[in-house]
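Open the model in your viewer and keep the selection tool at hand. The stops below say what to select and what you will find there.

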Amino acid sequence: MSSLAACSTGKSGPTLSVDAARLRAIAAACPVAGQEMLALDQAAGRVISAPVTADHALPPFDNSAMDGYALRLSDLTGDGPWHLPVSARIAAGDARALTLAAGAAARIFTGAPVPVGADAVVMQERVTRAGDMVSLTDRPRSGQNIRRRGEDVAKGAQALAAGLALTPPRLALLAGCGVASVAVHPRVRVAILSTGNELSEPGLTLGPGQIYNSNRVLLRATLSRLPWVDLTDLGILPDDPASIRVAIRHAAQTHDVVISSGGVSAGEEDHILDALRLESAELDVLKVAIRPGKPLTVGRLGKALYFGLPGNPYAAAITFSQIAKPALRRAAGLMEEPDTWVPAVAGFTYSRTTGRREYVPVTWSRRDSFGRPILMRLGQGASASMSPMAQATGIAVIPPELEVVGPNQPLQVEPLLD
Ligand SMILES: Nc1nc2c(c(=O)[nH]1)N[C@H]1C(S)=C(S)[C@@H](COP(=O)(O)OP(=O)(O)OC[C@H]3O[C@@H](n4cnc5c(N)ncnc54)[C@H](O)[C@@H]3O)O[C@H]1N2
Ligand code: MOO
């Protein structure tokens, strides 16, 4: 980690590849300390902080996977058909500890406890029932249609590892194991702020030279949907060095992560970098070989992780999703990084300046013979344009060294922010 004091002024630090910048951002993010115990109903989307062991075996007893007849294979002597008297009727929830009578079958239903001694269940479609007798012609396999106690999760075994998000399937698994509450990481306290004298809010009348604030709602909408984020919106800051310093210092003292937009490029009115330096921030990332979003700044301000996103909205969206979000996930304690790209091919031609990995908004309506989307490019790549990102189905990733993207060029496509 290089401290800002060791960097030269402005944005003259090394330009990092997207992958290197992402790794530095992740490395700068420590999982937030502490843990909370939450009832399963309160825990959706939260991040498990310690391995969860099963309080009960899943399933808790041997039970039938089918509506049918439980029997003992050793009773099926010689060749079929075999004819067995039906000695018992066992439904789901039956609390009796039954033993299967010798030479008999038990009528049984899905989920019902398998009687002691039975070692197969034959589904009812495979037998003929006449009065109290049941007949079958095919010999069942040992264990057929029996779900064994603990075959899903053994009692006391690890049901889920630390670092996983509690998705609905994982919550269902814990419920099945009788786990009523789960230890999770505390929410990551994230503060967002927008910088710029030109910014106004939708609903207000625009003055001369003003624009509406798009990044605030972009970040709010994205972050408020993350169940492991506790979001504070610090609103708009004017381009005033002193008030920016006070605001980011206070934000860093009271949050785990601070995300600003604007004020990170080279002009005299771009004050974020100076403010970070004067506040003795350690800066890990100053410039990234990414388009859009080159002037992204990542560092540590006190104990907080700081992201200075560029002001242009598409640049803010791309740098947030590609670099800030993976680091936020680590701060939340998440240990799995989703790999969500899919293979696609270009359906457009684009001659470009090499050197930066580029994220191009795309959509598609057709697929090639391998099922890959044939991408159509939206917009001209301007990082201030919002229509292309708003209409995009995804973003195509153009490798830094590619000079010309032509039809059928294989490209990765991934979701933007949803
Ligand atoms: N001389 C140079 N100028 C610029 C460079 C450079 O390297 N040298 N980089 C350009 C690139 S690339 C980008 S991206 C932007 C980044 O600028 P900043 O992060 O300093 O952002 P601002 O200057 O404050 O704003 C840029 C642009 O975005 C608009 N903006 C800002 N905040 C919002 C918001 N919340 N909602 C909507 N739009 C916003 C702002 O009005 C500007 O038009 O710098 C280039 N310049
Ligand atoms: O990198 Mo800037 O984000 O190209 O517009």
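This is a predicted model: local features need pLDDT of at least 70, side-chain atom pairs count only at pLDDT 80 or more; totals for chains, interfaces and linings use all residues.

Select helix H1, residues 18-28, and helix H6, residues 313-331. Their axes come within 8 Å and cross at roughly 30°. Angles under 35 degrees count as roughly parallel, so H1 is roughly parallel to H6. The crossing of H1 past H6 is right-handed.

Now show the side chains where these two helices meet. On H1, pick Val18, Ala21, Arg22, Ala25, Ile26 and Ala28. On H6, the residues they meet are Gln322, Ile323, Ala324, Pro326, Ala327 and Arg330. Sorted by class, this contact of H1 with H6 holds nine nonpolar residues, one polar residue and two charged residues.

At what angle do H3 and H6 pack? The angle is about 25°, and the axes are 10 Å apart. This makes H3 roughly parallel to H6. The crossing of H3 and H6 is right-handed. Asn215, Leu218, Leu219 and Thr222 of H3 make the contact with Pro313, Ala316, Ala317 and Phe320 of H6. By class, the contact of H3 with H6 has six nonpolar and two polar residues, and no charged residues.

Next, select ligand 1. It is surrounded by 26 residues, of which the closest are Asn215, Gly262, Ser265, Pro310 and Gly311. The shell around ligand 1 divides into ten nonpolar, twelve polar and four charged residues.

Move on to ligand 2. Around ligand 2, select Arg291, Pro292, Gly293, Lys294, Pro310, Asn312, Ala315 and Ser383. By class, the shell of ligand 2 has three nonpolar, three polar and two charged residues.

Now turn to the backbone. Most residues other than glycine have a negative phi, and most peptide bonds are trans.

- Select leucine 58 and proline 59: the peptide bond between them is cis, with omega near -10°. Proline 59 sits in the loop between strand S3 (52-53) and strand S4 (63-64).
- Select glycine 80 and proline 81: the peptide bond from one to the other is cis, with omega near 0°. Proline 81 is in the loop that lies between strand S5 (68-71) and strand S6 (82-90).
- Select asparagine 145: its phi is near 60°, a positive value in a residue other than glycine. Look for asparagine 145 in the loop between strand S10 (133-136) and strand S11 (146-147).

Finally, zoom out and colour the chain by domain. Domain 1 takes in 4-30 + 187-331, and domain 2 takes in 36-58 + 161-184. Domain 3 covers 63-147 and domain 4 covers 342-414. How far apart do the C-alpha centres of domain 1 and domain 3 lie? They lie 66 Å apart.

Key
Residues are numbered from 1 along each chain as its sequence is written. Chains are lettered from A and ligands numbered from 1 in the order in which they are written. Domain bounds come from an automatic or database domain assignment. Axes are lines fitted to C-alpha atoms, for helices over the stretch in contact, and angles run from 0 to 180 degrees between N-to-C directions. Helices (H or I, at least four residues) and strands (E, at least two) are DSSP runs, numbered from the N terminus. Angles under 35 degrees count as roughly parallel, over 145 as roughly antiparallel, 65 to 115 as roughly perpendicular and the rest as oblique. A crossing is left-handed if the near helix is turned anticlockwise from the far one by less than a right angle, and right-handed if clockwise. Two residues are in contact if their C-beta atoms, placed from the backbone, lie within 7 Å. Ala, Val, Leu, Ile, Met, Phe, Trp, Tyr, Cys and Pro count as nonpolar, Asp, Glu, Lys and Arg as charged, and the others, Gly among them, as polar. A residue is near a molecule or strand if its C-beta atom, placed from the backbone, lies within 6 Å of it.
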